[in-house]
Amino acid sequence: MTRPRAVVVVTGSELVRGERTDLNGPFLASEALRLGLEPARIVIVGDREEELEAALRDGLAADACLVSGGLGPTHAARTVALLARAAGVELRVDELLEREIEGISRGFAERMRRPYTDFAPGVTKQATLPDGAVSLGLAGTAPGFVLQDTSTVAVVLPGPPNELRRLWPRALETEAFRRLLERALPPGRRVLRFFGASESAVAKALADAGGDGDGVEATICARDFEIHVDLVVEPGAQTRADELSERLVEPLERYLFSRDERRVEELVLELCRERALTLATAESCTGGLVAQRLTSVPGASDVFVGAVVAYADEVKQHGLDVPGELLERHGAVSAEVSAAMAAGVRQRLGADVGLSVTGIAGPGGGSAEKPVGLVYLHAAGLMGERSADFVLPGDRDSIRRRAAVTALHLARQLLAQNRDKGV
C-alpha cells in the first residue's frame, strides 16, 4: 500500500520575485506528511495565466492538490477561474458566501468612507467558485474551498498564512478529504536536537549507527549551530527507528538537548519554571532577538520579566550600571562588560537569572584584535555563572541570529547544570 501523493501549489508573483518568503508551502507539505500523504513537490508560481494553469493541471494529476493564494478581488487573482478550467467545470456564484463577504466589505467601506459600489465587483468575484466546490467559509474576505476532481482532491486556501492556517482544519473535515485520508499512511517520527556538534559529526554518527533505509528516512539539517535530525518512520519500522536513534545518540550524548520539537527558548523557560526562577536579558548586538525568541513562547510572562537593549555605552552605564571605567579599560565588547551587563539586568529588573550578549555584528566596526563576529555571552544566577565567547561566521543577520541562539543555550546549560541538586 502506497501513500497518496500530494502536490503543493503556492501562487504569488511577489514570492517568485523574492519580495516575500513562502510560509505556506512548507506548512502544507509538513501537514500532508503528518496526515499520511506523500508530499511530491512544492511549486511556487507567479500570477501569469499560462504558468499558473500549467501548475494547477500538474497538481490535479496527483491525489491531492493543495493550493494557496490568488483568491483576492483583483484582476491578478486567477486561481479559481484557472482551477475550474483545468478541472473542466463551470463557475458559479455562491449566494450565501456573497452575502457574507458583502457584510464584511460594507463595514470596511463605511470605515474607509468609500461607496460600497467600489467593492461590489470584487465581492462577487470572491464569491465565485467552481461548480461542485465545498466552501470552507472565510478567514478574511477570501474563501477557502475543496473541489473533488475525479480522483483528485483540491484544497484551495487564501494566501495570508494566518488565514490559511485557520481554514486548513475545516478542509480536513470535508467528506472528500476524509475519504482521501482513508488511504493515507501516517508515518511515525523521531526527533533529535543537538547543539555544539558539527553536521559532519552527526552524519558520521548516523552512518555508524547503520544509516537510514528499511523503513526509516533520516534528514539532517543545520540551523544556527543546532543540528536537527528527523527520522520519518514507516509503519512496522518502529523498532529499527528506536535502535537507530539510540545508536546515533550514544557518541553525541553531551550535545543532545531535546528529543522532541521544543525550541531552546521553550526549554529555558521550562527550566526556570521548574525552579521558580525569573529571567531577564541584556542585549547589545542582538538588539532584542533573545527577548523576542523568549516572548514568542505563549505563557513566557510567568518567567521572563523583561529586557534592556543597551546598544550605546551610555545605556550600558546608566541602564545596566556597567562602570564607565570597565568600558574604557576593556571596551564594550569584552568578557568583563558582558558579565557586568548580566549582573546589571538582574539587579535593575529584579530577576533571578541574567543573560547578556555583546559583540560586533558588522559589517564594519571590527579590528585585528576584535574582528567582526566576536561575541561575548554571560549567564548569571543563584546557581552560578557561565560565560562564553565566539567569533561567529556569516553576515550581520547570521551573526545576530547565531548569537541569540548561543546565548539561550548558555542559559539552558547554566540552569541544567545543578538541576538534580536542586540549586
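These entries record what I looked up in a predicted model of one protein chain.

**Entry 1. Overall dimensions**

I began with the chain as a whole. The secondary structure comes to 16 helices and 17 strands. The C-alpha trace spans about 75 × 65 × 40 Å along its principal axes. Of the 423 residues, 50% are buried.

**Entry 2. The sheet with β9 to β12**

For the contact between β9 (residues 188-195) and β12, I found two bridges, with the strands running antiparallel. Phe194 stands opposite Leu256 in β12.

Strand β6 (residues 134-138) pairs with β7 in the antiparallel sense over four bridges, and the two form a hairpin with four residues between them. In this pairing Leu138 stands opposite Pro143 in β7.

With strand β8 (residues 152-157), β7 pairs in the antiparallel sense over five bridges. Val146 stands opposite Val155 in β8. β7 and β8 also form a hairpin, with two residues between them, and Thr150 in the turn has a positive phi of about 50°.

**Entry 3. Aromatic pairs**

In one of them, the rings of Phe108 and Phe119 have their centres 5.7 Å apart and their planes at 85°, so the pair is edge-to-face. Phe108 lies in helix α5 (residues 95-112) and Phe119 in the loop between α5 and α6 (120-126), so the pair ties together parts that are 11 residues apart in sequence. Phe108 is partly exposed at 36% relative accessibility, whereas Phe119 is buried at 15%.

I then turned to Trp168 and Phe177. Their ring centres are 5.8 Å apart and their planes stand at 85°, so this pair is also edge-to-face. Both Trp168 and Phe177 are buried.

**Entry 4. Salt bridges**

I found 32 salt bridges in the structure and examined several. Glu53 forms a salt bridge with Arg57, with the closest N and O atoms 2.9 Å apart. These two residues are four apart in helix α3 (residues 49-59), and are therefore separated by about one helical turn. Glu53 is buried, with a relative accessible area of 13%, while Arg57 is partly exposed at 42%. I also noted a network of salt bridges that links Glu49, Glu53, Arg57 and Arg85.

Arg183 forms a salt bridge with Asp63, and here the closest N and O atoms are 3.7 Å apart. Arg183 lies in the loop between α8 (175-181) and β9, and Asp63 in the loop between α3 and β3 (64-68), so the pair ties together parts that are 120 residues apart in sequence. Arg183 is partly exposed, with a relative accessible area of 38%. Asp63, at 19%, is buried; I checked this value against the cut-off, since buried means under 20% relative accessible area.

Arg293 forms a salt bridge with Glu265, the closest N and O atoms being 2.8 Å apart. Arg293 lies in helix α12 (residues 289-295) and Glu265 in helix α11 (residues 264-274), so this bridge ties together parts that are 28 residues apart in sequence. Glu265 is buried, with a relative accessibility of 1%.

**Entry 5. A surface patch and a glycine**

I looked up a nonpolar patch on the surface. Val16, Ile42 and Ile44 form this patch, and together they have about 240 Å² of accessible area. Ile44 is found in strand β2 (residues 38-45) and is partly exposed, with a relative accessible area of 40%.

Finally, I located Gly306 in strand β14 (residues 304-309). Gly306 counts as buried at 14% relative accessibility. From C-alpha to C-alpha, Gly306 and Leu294 are 9.8 Å apart in space, and they are 12 residues apart in sequence.

Notes:
Residues are numbered from 1 along each chain as its sequence is written. This is a predicted model: local features need pLDDT of at least 70, side-chain atom pairs count only at pLDDT 80 or more; totals for chains, interfaces and linings use all residues. Side-chain values use heavy atoms; hydrogens and water are left out. Patches are made of residues with over 30% relative accessible area and no salt bridge: like charges are joined within 9 Å, nonpolar side chains (Val, Leu, Ile, Met, Phe, Trp, Tyr) within 5 Å. Accessible areas come from the Shrake-Rupley method with a 1.4 Å probe; for residues, only the protein chains shown count as cover. A salt bridge is a side-chain nitrogen of Lys or Arg within 4 Å of a carboxyl oxygen of Asp or Glu. Buried means under 20% relative accessible area, exposed over 50%, partly exposed in between (1.4 Å probe, protein chains only). Two strands pair if DSSP finds at least two bridges between them. Rings of Phe, Tyr and Trp (its six-membered ring) pair if their centres lie within 6.5 Å; planes under 30 degrees apart count as stacked, over 60 as edge-to-face and the rest as tilted.
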